[in-house]
Amino acid sequence: MSASSGHFNLLARVLHWSMAAMIVAMLFIGVTMVASIHLRPLLIDLHRPLGIAIGLLALLRLYNRLTHRPPPLPADLPALQKAAALASHWLLYALMLAMPLVGWAMLSAGGYPIVLWAGVQLPAIVPHTPALYATLRSAHSLLAYLLLATVLLHVGAALYHAWVRRDGVFQAMARGGRR
């Protein structure tokens with residue numbers, strides 16, 4: 001691991017903010033895709049490649065996190081908040097990896113093609129099984145709700161650090177400035 005400084009490295013910051021936008025877009029696309037018959041085909045065409053992109057970027061982000069130590073949390077932050085921060089970050093990583101895999105498996109089980117764009121199609125990763133499809137569809141939805149809740153808690157914690165504590169935690173990711 002590289003030595004930690006008072007900010008996240010550039011790759012971590014670029015991945016964080018670009019993936020944040022992608023994940024928020026995915027959550028809105030997913031909800032609208034289920035609710036709108038008219039927009040469903042267009043949104044499905046966006047949802048599949050965006051989900052795979054998020055999964056691949058999550059792998060890159062995880063590698064970066066494991067090879068570049070994040071800046072330490074403030075020394076005066078209560079132990080429970082430090083533990084919650086660590087747990088929520090690893091939960092976000094797990095969800096960013098699990099959501100695309102469960103979605104891919106769900107479509108495979110449903111017998112649906114996973115077309116990323118014209119001429120590029122992913123292979124099935126599980127056998128075509130309607131019962132498995134139903135289970136994975138429920139799991140994908142449940143994970144989406146968990147992701148939304150975790151993202152909202154993450155945003156709330158970031159705003160708490162930015163506006164209440166003013167301890168540099170938010171700035172370390174927002175612009176990489178020193179604490």
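The model is predicted: local features need pLDDT of at least 70, side-chain atom pairs count only at pLDDT 80 or more, and totals for chains, interfaces and linings use all residues. Residues are numbered from 1 along each chain as its sequence is written, and side-chain values use heavy atoms, without hydrogens and water.

**Stop 1: helix 4.** Select residues 130–165. Helices are DSSP runs (H or I, at least four residues), numbered from the N terminus. Helix 4 has 36 residues and reaches 50 Å from its first C-alpha to its last. That is close to the 52 Å expected at 1.5 Å a residue (1.5 Å times one less than the number of residues). Next comes R166, with a positive phi near 50 degrees.

**Stop 2: the buried side.** Which residues of helix 4 are buried? Select Y133, L136, H140, L147, T150, V151, H161 and A162 (buried means under 20% relative accessible area, exposed over 50%, partly exposed in between; 1.4 Å probe, protein chains only). Their cover includes helix 1, helix 2, helix 3 and helix 5.

**Stop 3: W90.** Move to W90 in helix 3. W90 is partly exposed, at 33% relative accessible area. Beyond its neighbours within four places in sequence, W90 is in contact with L62, R65 and L66. The C-alpha atoms of W90 and L62 are separated by 9.5 Å.

How values were computed:
Axes are lines fitted to C-alpha atoms, for helices over the stretch in contact, and angles run from 0 to 180 degrees between N-to-C directions. Helices (H or I, at least four residues) and strands (E, at least two) are DSSP runs, numbered from the N terminus. Contact means heavy atoms within 4.5 Å.
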